[in-house]
Amino acid sequence: MKITVTKFGLLAGGLMFAGGLMFAGATQEEDPPSVAQVVALDECDPDTFNAVLGPDFCKNVAVGAATKFADLFKMAAAGTPDPGWDFEPDIVHIKKGTILSVVDQGGEPHTFTEVAQFGGGFIKDLNAGEATVPECAGGFSNVAVAKTRILQGSQSQITGLSKGEHLFECCIHPWMRVKVEVK
Ligand SMILES: [Cu+2]
């Protein structure tokens, strides 16, 4: 008995030492929350994007496939936006309590913004005629929008989604859309 207590004490101490206070607290619960992953993809061409948007805006990850800056706008204006800009999967089914982890594996920033209805983002020329949805209005000068930004190579975790249907889109490239069904 004494040994068991000591061992537990050591384990708890180790967790705390590793900054794992939250994990130690979570052992009170039955199961750790499961995680569902969404990946943001794009094929930005570093040369043409960075010429307009600044150095290092677009990282060269789309080896062998890249869309030039002007072509992204041309395709969106024609109503056939580049499918290389995409959230995968398009539909996610999760149980309540599941953490949604959104990872930007593309070359440029995106947003993962919950919207009441899908529509246009904050860059008019990428909207293919759709009006900007209220949740994207103001772009990154709007703190609520800026908070949903995911930089290249980073991830964002969405927690506490209520039961039912949730819609998310990128406020920059509004054809990047995900429907999340929470049961
Ligand atoms: Cu985007």
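# Contacts, bridges and burial, asked and answered

Me: Leaving aside its neighbours within four places in sequence, which residues is Gln 37 in contact with?
Reply: In this predicted model, Gln 37 is in contact with Glu 88, Pro 89, Ser 101, Val 103 and Gln 105, its neighbours within four places in sequence left aside. A contact here requires heavy atoms within 4.5 Å. For Pro 89, which is 52 residues away along the chain, the C-alpha atoms are separated by 8.5 Å from those of Gln 37.

Me: Where does Gln 37 lie, and what makes it partly exposed?
Reply: Gln 37 lies in strand 1. Its relative accessible area is 46%; buried would require under 20% and exposed over 50%, so the residue is partly exposed.

Me: How do you know that strand 1 and strand 2 pair?
Reply: Pairing takes at least two bridges between the strands. Strand 1 (residues 35–41) and strand 2 have 3 bridges, so they count as paired, in the antiparallel sense. Val 39 has Glu 88 in strand 2 as its bridge partner.

Me: In what order do the 4 strands of the open sheet stand?
Reply: The order is 2-1-4-8, with mixed pairing.

Me: What makes strand 2 and strand 8 the edges?
Reply: Strand 2 (86–88) and strand 8 (155–158) each have a single partner strand, so one side of each has no neighbour in the sheet. On average, neighbouring strands in this sheet are turned by 20° against each other, direction ignored.

Me: Which residues of helix 3 are buried?
Reply: In helix 3 (residues 46–53) the buried residues are Pro 46, Phe 49 and Asn 50.

Me: How do you know that they line one face of the helix?
Reply: Viewed down the axis of helix 3, the buried residues fall within an arc of 90°, so they line one face. The face turned away from the buried side carries the exposed residues Asp 47, Ala 51 and Val 52. Helix 4 is included in what covers the buried residues of helix 3. After helix 3 comes Gly 54, with a positive phi near 110°.

Me: Why is the pair of Lys 74 and Asp 71 called a salt bridge?
Reply: The rule asks for a side-chain nitrogen of Lys or Arg within 4 Å of a carboxyl oxygen of Asp or Glu. For Lys 74 and Asp 71 the N to O distance is 3.6 Å, so the pair qualifies. Both residues lie in helix 4 (residues 69–77), 3 residues apart, which is about one turn of the helix.

Me: Is Lys 74 buried or exposed?
Reply: Lys 74 has a relative accessible area of 57%, and since exposed means over 50%, it is exposed. Asp 71, at 28% relative accessibility, is partly exposed.

Me: What makes Glu 130 and Arg 177 a salt bridge?
Reply: Their side chains meet at 2.8 Å, N to O, and the limit is 4 Å, so the pair counts. The two residues link distant parts of the chain, 47 residues apart: Glu 130 is in the loop between strand 6 (113–115) and helix 5 (143–146), and Arg 177 is in strand 10 (residues 177–182). Glu 130 is partly exposed at 38%, and Arg 177 is partly exposed at 24%.

Me: Why does the pair of Glu 165 and Lys 179 count as a salt bridge?
Reply: The closest N and O atoms are 3.6 Å apart, which is within 4 Å, so the pair meets the rule. Glu 165 is in strand 9 (residues 164–169) and Lys 179 in strand 10, 14 residues apart. The relative accessibility is 47% for Glu 165, which is partly exposed; Lys 179 is also partly exposed, with 28%.

Me: How many salt bridges does this rule give?
Reply: The count comes to 3 salt bridges.

Me: What makes His 110, Cys 170 and His 173 donors of the copper ion?
Reply: A donor is an N, O or S atom within 2.8 Å of the metal. ND1 of His 110, SG of Cys 170 and ND1 of His 173 lie 2.0 to 2.2 Å from the copper ion, so they are its protein donors. Their spacing in sequence is H-x59-C-x2-H.

Me: Why are Cys 170 and His 173 called buried?
Reply: Buried means under 20% relative accessible area. Cys 170 has 0%, so it is buried; His 173 has 1%, so it is buried too.

Me: What share of the protein chain is buried?
Reply: Of the 183 residues, 38% count as buried. The secondary structure of the chain comes to 5 helices and 10 strands.

Terms used. Residues numbered from 1 in each chain as written. Predicted model: local features only at pLDDT ≥ 70, side-chain atom pairs only at ≥ 80, totals over all residues. Heavy atoms only, no water. Buried < 20%, exposed > 50% of the residue type's maximum accessible area, 1.4 Å probe, protein only. Donors = N, O, S within 2.8 Å, 3.2 Å for Na, K, Ca; no water. Axes fitted to C-alpha atoms, helices over the stretch in contact; angles between N-to-C directions. Arc of directions from axis to C-beta.
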